[in-house]
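Thank you all for coming.

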Amino acid sequence: MKIRAYVPRVSVLFVSVLSTVILLSGLTAEAKLTNLTERGDLVWFGSDGNDNEIFLYSKGTITQITDNDYDDWVPQINSKGQITWYGGDGDDREIYLYSKGTVTQITDNDYYDVDPQINSKGQIVWYGSGGHDDEIFLYSKGTITQMTDNGNNDEAPQINSKGQIAWGGRDGHDFEIFLYSKGTITQMTDNDYDDYLWD
Ligand SMILES: [Ca+2]
Ligand SMILES: [Ca+2]
Ligand SMILES: [Ca+2]
Ligand SMILES: [Ca+2]
């Protein structure tokens, strides 16, 4: 009887953990950090002798995407060749988008914005201080939406082609995993240890 009573509890826990793993692995499979696309486009950052710039290798040619006096960091590219990165604007760090030959500065504020990720639809997620602690932001169709608004740090978001967003955030004690899907944020983990998507 003890074993019979125990089996369902294990099953429920197993299914719960399994569904969390499937959800997050599905997200990261589509939204993993990407410097190299399936068609062979490659992006990186490096010095031009003065400061860091963004570079693109595509169809046999290396193109320098940025040319300014501020550091540009950690580009990511999607399947359409759109590139996002963060860089200085002379004040703090901002988010940038390169699309069809044009560089657009996505953010323009007085706090840092870093580590952007881009999906196949050109939607971009990143985190920034929000003026206080770190929050998650989404750029979609020309509009920036602040996804989180709390007193704890939220960091390192990823986005898939369906617009689902995952990130790591503190719950007041340690880091937990959060998932935004169809307008709702769900806290995926709840324990006493740090959980991260990536660093
Ligand atoms: Ca630069
Ligand atoms: Ca900024
Ligand atoms: Ca926060
Ligand atoms: Ca945790």
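Let me begin with a question: how many residues lie between strand 6 and strand 7 in the hairpin that they form? There are two residues between these strands, and K100, which sits in the turn, has a positive phi of about 50°. Strand 6 covers residues 93-99 and strand 7 covers residues 102-105, and the two run antiparallel, joined by four bridges. If you want one pair to look for on the screen, take L97, whose bridge partner in strand 7 is T104.

The mean pLDDT of the protein chain is 88, and 83% of the residues reach 70 or more. Residues 1-10 are another matter, with pLDDT below 50 over that stretch and, beyond near neighbours in sequence, zero contacts in the model. Where pLDDT is low, the predicted coordinates should not be read in detail.

Now to the core. The largest nonpolar core has 25 residues, and V125, W126 and I165 are the ones with the most contacts inside it. Several elements give two or more residues to this core, including strand 5 (83-88), strand 6, strand 8 (113-118) and strand 13 (165-170), while the largest share, four residues, comes from strand 9. In soluble globular proteins, nonpolar side chains tend to be buried together. If we look at W126 by itself, and leave aside residues up to four places away in sequence, it touches Y86, I95, D113, V114, D115, P116, F137 and P157.

Next, please turn to the open sheet of four strands, which has the order 12-13-14-15 with antiparallel pairing. Its edge strands are strand 12 (154-159) and strand 15 (184-187), each of which pairs on one side only. Neighbouring strands of this sheet are turned by 25° against each other on average, with direction ignored. Within the sheet, strand 14, residues 175-181, pairs with strand 15 in the antiparallel sense over four bridges, and there F178 stands opposite Q187.

I would also like to draw your attention to two backbone positions. V74 has a positive phi of about 45° although it is not a glycine, and its place is in strand 4, residues 72-77. K141, likewise not a glycine, has a positive phi of about 50°, and K141 lies in the loop between strand 10 (135-140) and strand 11 (143-146).

Are these two residues buried or exposed? V74 is partly exposed, because it has 19 other C-beta atoms within 10 Å, and a residue is called buried here only at 20 or more. K141 counts as exposed, because it has 7 C-beta neighbours inside 10 Å, and the limit for that label is 12 or fewer.

Finally, staying with strand 11, let us consider Q146, which is found in that strand. With 11 other C-beta atoms within 10 Å, Q146 is exposed. Which residues does Q146 touch, not counting those up to four places away in sequence? They are G130, E135 and F137. As for G130, which is 16 residues from Q146 along the chain, the C-alpha atoms of the two are separated by 8.6 Å.

Conventions. Residues are numbered from 1 along each chain as its sequence is written. Chains are lettered from A and ligands numbered from 1 in the order in which they are written. This is a predicted model: local features need pLDDT of at least 70, side-chain atom pairs count only at pLDDT 80 or more; totals for chains, interfaces and linings use all residues. Two strands pair if DSSP finds at least two bridges between them. Axes are lines fitted to C-alpha atoms, for helices over the stretch in contact, and angles run from 0 to 180 degrees between N-to-C directions. A nonpolar core is a set of buried Ala, Val, Leu, Ile, Met, Phe, Trp, Tyr and Cys residues joined through C-beta atoms within 7 Å. Two residues are in contact if their C-beta atoms, placed from the backbone, lie within 7 Å. pLDDT is the predictor's confidence in each residue, from 0 to 100.
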